[in-house]
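Have a look at the structure first, and then read on.

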Amino acid sequence: MAEFDSAIHTTAPAAVIFKIYEDVANWHRWDPDTKTAQLNPGLALGATGSLTPSKGKTVPIEITAFALNRRFTATSKTLLFRLDFEHELTPTKNGTLILHRARFGGLLKPLLSRLLGPQMD
């Protein structure tokens, strides 16, 4: 799998950031590559829904990892690719370290890595 990640530190507590993650309908406000997103029944392990990127077609997503106030992974799979978008929150002395990681796999991995990898920052 190809992997791209980006990290930033904030003074906000992890619980505050996780509340922003839980507001799935507003993911587009903090992720410029997301046009719309929806999950049923919301951000929870096993939840399913869809995500429409700002450029591209709507894809199915499923929450494949979840730990309240700590992390979640949204996975999109088709016959040609697998995308795992990992979101991790690590409490620090002065706030929270936010890590977003994208992993690409499948037949379209080389293409997705070239097209989407540079945008991950």
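Of the 121 residues in the protein, 36% are buried, where buried means under 20% relative accessible area, exposed over 50%, and partly exposed in between (1.4 Å probe, protein chains only). This is a predicted model, in which local features need pLDDT of at least 70 and side-chain atom pairs count only at pLDDT 80 or more, while totals for chains, interfaces and linings use all residues. Residues are numbered from 1 along each chain as its sequence is written, and side-chain values use heavy atoms, with hydrogens and water left out.

The mean pLDDT (the predictor's confidence in each residue, from 0 to 100) is 90, and 88% of the residues reach 70 or more.

The protein has 2 helices and 7 strands, taken as DSSP runs numbered from the N terminus (helices H or I, at least four residues; strands E, at least two). Their order from the N terminus is β-α-β-β-β-β-β-β-α.

The largest nonpolar core holds 23 residues, and Tyr21, Trp27, Leu39, Leu43, Ile63, Phe72 and Leu89 have the most contacts inside it. Such a core is a set of buried Ala, Val, Leu, Ile, Met, Phe, Trp, Tyr and Cys residues joined through side-chain atoms within 4.5 Å. Two or more core residues come from each of helix 1, strand 2 (34-40), strand 4 (59-67), strand 5, strand 6 and strand 7 (95-105). Helix 1 gives the largest share, 4 residues. Beyond its neighbours within four places in sequence, Ile63 is in contact (heavy atoms within 4.5 Å) with several residues, including Leu39, Leu43 and Phe72.

Turning to the loops, Ser54 sits between strand 3 (48-53) and strand 4. Ser54 counts as partly exposed because its relative accessibility is 40%. Leaving out residues up to four places away in sequence, Ser54 touches Pro32, Asp33, Thr34 and Lys35. Ser54 and Lys35 are 19 residues apart in sequence, yet their C-alpha atoms are 4.6 Å apart in space.

Is Leu79 buried or exposed? Leu79 is exposed, because its relative accessible area is 86%. This residue lies in the loop between strand 5 (71-77) and strand 6 (82-92).
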